Amino acid sequence: EAKLVELSKRAGIHAYFFVHGYKFLKKGGRFGFVVSNSWLDVDWGSGLQEFFLKHYKILAIIESKVERWFVDADVNTCIVILERSDKKGERNENVVRFVQLKKPLRHFIPNAEKNWDKEVKRLQEIGKLVDLILAHTDYYENEEIRIYPKTQADLWIEGYDEDSQKYTGAKWGKYIRAPEIFFKVMERGKDLFVP
């Protein structure tokens with residue numbers, strides 16, 4: 001069996017869950033993990049980025065600007081939602097939503113309850129948040145949320161090194177955290193900047 005992914009020895013254990021989970025998903029099957037966000041911006045994260053781009057439609061990567069989801073942990077986390085896709089064209093056209101929550105998660109989704117009516121309401125609120133995220137194919141921001149959409153094809157091009165003919169990775173965290181002006185400056189000055 002061909003090796004699915006080349007992961008760095010420095011990759012966290014969470015990286016292996018993404019790879020292992022892939023084997024259990026049917027085509028079109030989805031899963032989401034709350035994991036360390038370190039892979040977004042470090043060099044060892046390139047193997048995980050490449051694996052996602054080659055095997056999944058990355059539906060959303062979500063971070064909070066205002067809270068830590070694991071208070072006692074020494075890592076910052078993100079939610080990664082993926083859908084297995086074996087069609088390259090489908091993956092390339094997929095729009096990844098990089099999402100920054102500017103309010104606590106409880107602002108969007110109430111706590112789980114044993115009461116059936118309250119649980120139904122909670123599921124409806126989850127649906128509303130999903131719909132809000134998926135509705136935007138252009139940059140969107142309000143006082144609650146920021147959504148930066150980027151196609152997987154663009155992410156591949158950004159991380160692909162022509163000289164080595166390999167995917168070497170890119171810093172994806174900027175799409176969640178960088179201010180909007182950063183992208184305007186980069187766009188206007190793209191011919192002026194040198195590596």
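**Exercise 1. The sheet**

In what order do the six strands of the open sheet lie? State also which strands form its edges.

*Solution.* The structure is a predicted model, in which local features need pLDDT of at least 70 and side-chain atom pairs count only at pLDDT 80 or more, while totals for chains, interfaces and linings use all residues. Residues are numbered from 1 along each chain as its sequence is written, and side-chain values use heavy atoms, with hydrogens and water left out.

Step 1. Strands (E, at least two residues) and helices (H or I, at least four residues) are DSSP runs, numbered from the N terminus. Two strands pair if DSSP finds at least two bridges between them.

Step 2. The order is β1-β3-β2-β4-β6-β5, and the pairing is mixed.

Step 3. β1 and β5 (140–141) are the edge strands, since each pairs on one side only.

**Exercise 2. Strand β4 and its partners**

Determine how β4 pairs with β2 and with β6, and describe how β4 is covered.

*Solution.* Step 1. Strands of a sheet pair through backbone hydrogen bonds, either parallel or antiparallel.

Step 1. Between β2 and β4 the sense is parallel, over five bridges. Here E63 has Q100 of β4 as its bridge partner, and S64 stands opposite L101 in β4.

Step 2. Between β4 and β6 the sense is antiparallel, over seven bridges. The partner of L101 in β6 is I145.

Step 3. Buried means under 20% relative accessible area, exposed over 50%, and partly exposed in between (1.4 Å probe, protein chains only). By this rule, seven of the seven residues of β4 are buried.

Step 4. In a regular strand the side chains alternate between the two faces of the sheet. In β4, one face carries V95, R97, V99 and L101 and the other V96, F98 and Q100, and all of them are buried.

**Exercise 3. Two residues compared**

Is E63 buried or exposed?

*Solution.* Step 1. E63 belongs to strand β2. E63 counts as buried because its relative accessibility is 6%.

Step 1. Contact means heavy atoms within 4.5 Å.

Step 2. F33 lies in strand β1. With a relative accessible area of 25%, F33 is partly exposed.

Step 3. F33 and V80 are 47 residues apart in sequence, yet their C-alpha atoms are 5.4 Å apart in space.

**Exercise 4. The nonpolar cores**

Which residues have the most contacts inside the largest nonpolar core? Identify the elements that supply it.

*Solution.* Step 1. A nonpolar core is a set of buried Ala, Val, Leu, Ile, Met, Phe, Trp, Tyr and Cys residues joined through side-chain atoms within 4.5 Å.

Step 1. The largest core has 32 residues, and W39, F52, I61, F98 and W172 have the most contacts inside it.

Step 2. At least two residues of this core come from each of α1 (13–24), β1 (30–36), α2 (46–55), β2 (56–64), β3 (77–84), β4 (95–101) and α7 (174–177).

Step 3. Apart from this core lies another, of 13 residues, including A60, I62, I79 and I145.

Step 4. Neighbours within four places in sequence aside, the contacts of W172 are W39, L40, D41, Q49, L53, I58, I61, F98, L155 and Y167.

**Exercise 5. The largest pocket**

What is the volume of the largest pocket? Describe its lining.

*Solution.* Step 1. On a 1 Å grid over the protein atoms alone, a pocket is an open set of points where a 1.4 Å probe fits, with protein on both sides within 12 Å along at least five of seven lines; lining residues have an atom within 4 Å of a point. Grid points are joined across faces, edges and corners, and a volume is the space filled by probe spheres set on the points.

Step 1. The volume is about 350 Å³. Of the 16 lining residues, I62, I81, I126, L129 and V130 are the closest to the centre.

Step 2. α5 gives the most to this lining, with six residues.

Step 3. Ala, Val, Leu, Ile, Met, Phe, Trp, Tyr, Cys and Pro count as nonpolar, Asp, Glu, Lys and Arg as charged, and the others, Gly among them, as polar. The lining divides into 13 nonpolar, no polar and three charged residues.
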